[in-house]
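Please load the model in your viewer and keep the selection panel within reach. The tour below goes from one selection to the next and says what can be found at each stop.

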Amino acid sequence: MNTQLLFTLLAMSIGGVALAAEIKMDDQSQLTQKAEKGAGERYFQPPQEKDLPANAYGELVQQGRAIFVDTQKYAAEYVGNGMNCTNCHLDQGRKANSAPLWGAYPMYPAYRKKNDKVNSYAERVQGCFQFSMNGTPPAANSHVINALTAYSYWLSTGAPTGQELPGRAYPEVPQPQRGFDIAKGKQIYAEQCAVCHGDDGQGQKAGGGYVFPPLWGKDSFNWGAGMHRINTAAAFIKESMPLGKGGSLSDADAWHVAAYMNSHERPQDPRLIEGSVEKTRLKYHANDGVNLYGQQVDGVLLGQGVK
Ligand code: HEC
Ligand code: HEC
């Protein structure tokens, strides 16, 4: 164990204040934004609903949009939690700086360290089904993947291929110099998030489905999802939360509340090795940004999973 990690663990077990290890951003297992938007320049503008052609292609695109927005209803058999794609890819996958589909589609096929191979677009979408949706990925040639691909392709109309567009990723937020503080995050959560996401991160339902998605627990994304990284969650939160007040949190507060959110249990990483959290941590989490999988917080081992 390196001394930094040891320090992190010690710090967490005493006061909930942690200096996280350095983020390894160069392994391509997570998105990093390189393209910047010039002053006065607009983000890429995807087409409008009314521009959709009234033909078989237009119909498939519509079906893809419906699956993306109400995954619970239109792709239920592949989903193992309470989430919809659009909960994290905001505004139906259109919003810049929220991993929009028009930022993604033209960048595949691409190598991903996460599974150590060149991924087709279909494989990338399957990844979000397996981890973010805690589900069973639909087959690459299934209707669900075809429709989601058609929707992504349509949103990318006019975008260059293989050239990263500004706004593709969740913009990185620098880590607080003195580390993240879970206790502070808890306070921010109570003041600014609980009203929608519930006192215990469980979200809120109306008419059977979630209107405010869960942030942890059995109906949330699993321990293998990109959002389980504190750096990725901080980036998403700083940009877009509290909903309607994106950009209002300080960088440090975005980290504190992201750390609080990700210091709770969620469904197990489906790549769990021989039932061992420690083996899984070493193989999949030790170099995956900043995360708490397999670490002790307040004397409790995280990464045990909930069903
Ligand atoms: C819990 C939040 C969450 C949900 C729900 C989710 N995703 Fe994602 N998705 C992410 C994150 C985070 C990333 C980027 C990960 C990273 O930083 O590498 C991502 C990346 C992607 C990418 C690649 C983006 C790129 O530019 O390369 C695609 C495509 C995608 N998701 C599609 C989907 C689809 C389709 C669904 C629904 C079936 C879905 N996602 C559900 C969080 C989510
Ligand atoms: C006004 C209600 C509201 C508030 C306040 C709010 N959120 Fe959200 N949040 C939402 C909604 C709604 C979504 C899903 C967006 C969508 O589907 O378009 C969401 C999505 C999310 C997601 C991604 C989906 C998931 O379940 O993981 C995270 C993470 C998140 N919020 C964190 C936070 C944090 C942290 C705060 C406090 C700083 C916060 N939110 C405050 C309404 C809210």
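Begin by selecting Y151, which, once its neighbours within four places in sequence are set aside, is in contact with V61, G64, R65, F68 and L101; two residues are in contact if their C-beta atoms, placed from the backbone, lie within 7 Å. The model is a predicted one, in which local features need pLDDT of at least 70 and side-chain atom pairs count only at pLDDT 80 or more, while totals for chains, interfaces and linings use all residues. Residues are numbered from 1 along each chain as its sequence is written, and chains are lettered from A and ligands numbered from 1 in the order in which they are written.

Buried requires 20 or more other C-beta atoms within 10 Å of the residue's own, exposed 12 or fewer, and partly exposed lies in between, with C-beta atoms placed from the backbone. The core draws at least three residues from each of domain 1 (3-25 + 170-301) and domain 2 (49-155), with domain bounds that come from an automatic or database domain assignment.

**Helix α11 and H256**

Next, select α11, which is mostly covered, as 10 of its 11 residues are buried. Its buried residues pack against β4 (180-181), α8 and α10. Not counting residues up to four places away in sequence, H256 touches F180, D181, K184, G185 and I188. For a sense of distance, H256 and K245 are 11 residues apart in sequence and 17 Å apart in space, C-alpha to C-alpha.

**The two ligands**

Which residues come nearest to ligand 1? Of the 26 residues around ligand 1, these are C85, C88, A104, C128 and G226, where a residue counts as near a molecule if its C-beta atom, placed from the backbone, lies within 6 Å of it. The helix that gives the most to this shell is α6, with four residues. The shell around ligand 1 divides into 16 nonpolar, eight polar and two charged residues; Ala, Val, Leu, Ile, Met, Phe, Trp, Tyr, Cys and Pro count as nonpolar, Asp, Glu, Lys and Arg as charged, and the others, Gly among them, as polar.

Now move to ligand 2, which is surrounded by 24 residues, the closest being C193, C196, P213, M241 and P242. Its shell has 19 nonpolar, five polar and no charged residues, and α9 (194-197), α10 and α11 each supply at least two of its residues. Domain 1 and domain 2 both give residues to the shell around ligand 2, so this ligand lies between them.

**Where the domains meet**

Colour the two domains separately and look at their boundary, where 19 residues of domain 1 are in contact with 14 residues of domain 2. On the domain 1 side, the largest share, three residues, comes from α10, and that side has 11 nonpolar, six polar and two charged residues. The C-alpha centres of the two domains lie 24 Å apart.

**Backbone details**

Most residues other than glycine have a negative phi, and most peptide bonds are trans. Select M241 and P242, whose peptide bond is cis, with omega near -10°; P242 is found in the loop between α10 and α11. A cis peptide bond also joins Y108 and P109, with omega about 5°, and P109 lies in the loop between α5 and β2 (110-112).

Finish at helix α4 (residues 90-93), where D91 has its place. D91 has a positive phi of about 55° although it is not a glycine, and D91 is exposed, with 12 other C-beta atoms within 10 Å. Q92, also found in α4, has a positive phi of about 60° and is partly exposed, with 18 other C-beta atoms within 10 Å.
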